[in-house]
Amino acid sequence: MNRRSTVTLTALLIAGGVLTGSSVPALAGGTATTHPRPDRPDDTRRTQQQVTRDWVQLWNGDYALAEHLIAPDVRVRAALLDGGDGSAVHGPAGMVDLIGQIRGAFPDLRFTVEVGPIIDGSHVVVRWVADGTYGGGFPGATAAPGTTVRFTGTDTLRTRHGLITDYWLNADTLLLTTQLGVEAV
């Protein structure tokens, strides 16, 4: 197996939850392990790293980044807490609305990258951790406002010309809803 296949397989295993954290020694410490390829100059790689930094900052509440980060025709694929599949999210404003809804229940929510970015051409994968304080208003929650929460997830992004065109979200919502005391239906 060549290096590119190994990196791609590793990214898929991480995105699928098979490998995490220290079980991937080459990825520990948050550094990408891909190497420049002849068909991908180093400046493209730096662009992907900047996209990743801006993506995390957007989720941390810097909504001004959305216009310069999210493509107008972005496609979101996610099992959202409201039962939606992400297809109703349109453009930068839709992404800001989605993030704002989530942050509404957790005003101090802070995302940090635990693994990645893993960069493979136009794709970026990061495993993140979110920490925050429940502010109230989450449907079905029995936890008191002020309850601290911590949950994880993996984002896979596809970019074109420095804009995010596709977003796949895999978040541990069971862990989050358990911390909030939401009863399973």
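Modeller: In this predicted model, rings of Phe, Tyr and Trp count as a pair if their centres lie within 6.5 Å.

Colleague: Why is the pair of W55 and Y167 called edge-to-face?

Modeller: The ring centres of W55 and Y167 are 4.7 Å apart and the planes stand at 70°. Planes over 60 degrees apart count as edge-to-face, so the pair takes that name.

Colleague: What makes W55 and Y167 a tie between parts of the chain?

Modeller: W55 belongs to helix 2 (residues 42-59) and Y167 to strand 5 (residues 163-171), so the pair ties together parts that are 112 residues apart in sequence. Both residues, W55 and Y167, are buried.

Colleague: Why is the pair of F106 and Y134 called tilted?

Modeller: Their centres are 5.9 Å apart, with 50° between the planes. Planes under 30 degrees apart count as stacked and those over 60 as edge-to-face, so the rest are tilted. The pair of F106 and Y134 is therefore tilted. F106 lies in the loop between helix 4 and strand 2, and Y134 in the loop between strand 3 and strand 4, 28 residues apart. Both F106 and Y134 are buried.

Colleague: Which residues have the most contacts inside the largest nonpolar core?

Modeller: They are W55, L58, I70, M95, F106, I164 and L180, in a core of 35 residues. Helix 2 gives the most to this core, with 5 residues.

Notes. Residues are numbered from 1 along each chain as its sequence is written. This is a predicted model: local features need pLDDT of at least 70, side-chain atom pairs count only at pLDDT 80 or more; totals for chains, interfaces and linings use all residues. Side-chain values use heavy atoms; hydrogens and water are left out. Rings of Phe, Tyr and Trp (its six-membered ring) pair if their centres lie within 6.5 Å; planes under 30 degrees apart count as stacked, over 60 as edge-to-face and the rest as tilted. Helices (H or I, at least four residues) and strands (E, at least two) are DSSP runs, numbered from the N terminus. Buried means under 20% relative accessible area, exposed over 50%, partly exposed in between (1.4 Å probe, protein chains only). A nonpolar core is a set of buried Ala, Val, Leu, Ile, Met, Phe, Trp, Tyr and Cys residues joined through side-chain atoms within 4.5 Å.
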